[in-house]
Amino acid sequence: MRIILMGPPGVGKGTQAVTLESHLNVPHVSTGDIFRALLRTEDPIGIEVRKYLDHGLLVPDELTNQVVTTRFREQDVHKGFIFDGYPRNVFQAESFDKFLKEHNWTIDAVVNIAAPDEDIIKRLSGRRVCPTCGKTYHLESNKPKVDTLCDVDQTPLIQREDDKPETIKKRLAIYHDQTKPLIEYYSKQGLVITIDGTGTIEKTHDLTIKALGEIK
Ligand code: ADP
Ligand code: ADP
């Protein structure tokens, strides 16, 4: 299956992708995760993208498309994928459509997880991540087992630089302005499934699985 996860920053795309990945047995590809991994290296692209990530701005399209093309050199995504965080504007969506067409691939569904901005702000401000393995937690809704230590490797959790209040506002504005129009873009292709993302993580998972089951 080839799926694109859509929705505002912090709605729970990454959280859902982890369980969907094992349910559907296709890899989760997050451009945000790829960029954050580049930040941890000495790679010149990492230095270039930091100025965008830390300030909540979109990385330029050309660089983003290049990162996606590089990811497609790996074979695992050829059997299917769950894309999370890409495409993020109409230009990227058009480039991705062209790329898919060249490979004779089609998207099965665009899963649009929806929640109002008030919920999003709570989720983003309480998000904590493990700097070692990348696992995501929340101070109230998705707590680690012990204090603020990662369940997997006991590393102290941190707050992402772009989850600070001022940057959250900027990211939400960019979402409304540039990413939300993609719902219309993919609706025209008959691909959008909208999921109520206001419930618990488990509830959202169940709704997603049910909706995907109906299109198979
Ligand atoms: P969130 O999970 O909060 O929506 P992501 O992890 O998807 O955030 O993205 C974090 C940051 O990585 C973005 O704010 C942006 O700087 C960069 N980024 C990720 N995907 C893209 C993309 N498709 N186009 C441009 N920038 C991107
Ligand atoms: P995204 O990938 O869309 O940016 P995340 O999956 O990182 O979002 O989730 C953002 C934050 O909200 C995390 O702290 C996560 O633990 C929490 N979260 C995710 N889904 C839910 C939910 N349904 N209810 C409450 N909190 C959630």
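**Entry 1: the surroundings of ligand 2**

I looked up which residues surround ligand 2 and found 19, the closest including Gly-10, Thr-15 and Arg-127; a residue is near a molecule if one of its heavy atoms lies within 4 Å of it. The model is predicted, so I noted that local features need pLDDT of at least 70 and side-chain atom pairs count only at pLDDT 80 or more, while totals for chains, interfaces and linings use all residues. I also noted that residues are numbered from 1 along each chain, that chains are lettered from A and ligands numbered from 1 as written, and that side-chain values use heavy atoms, without hydrogens and water.

**Entry 2: polar contacts of ligand 2**

I searched for polar contacts (pairs of N or O atoms within 3.5 Å). A side-chain N or O atom of Lys-13 is 2.8 Å from an oxygen atom of ligand 2. For Asn-142, I found a polar side-chain atom 3.1 Å from an oxygen atom of the ligand. Ile-201 contributes a backbone N or O atom, 3.3 Å from a nitrogen atom of ligand 2.

**Entry 3: the cysteines**

I searched the whole structure for disulfides (pairs of cysteine sulfur atoms within 2.5 Å) and found zero. I then looked up accessibility, where buried means under 20% relative accessible area, exposed over 50%, and partly exposed in between (1.4 Å probe, protein chains only). Cys-133 is partly exposed at 38%, whereas Cys-150 is buried at 1%.

How values were computed. A polar contact is a pair of N or O atoms within 3.5 Å; within protein, one must be able to donate a hydrogen and the other to accept it, and residues adjacent in sequence count only if both atoms are side-chain atoms.
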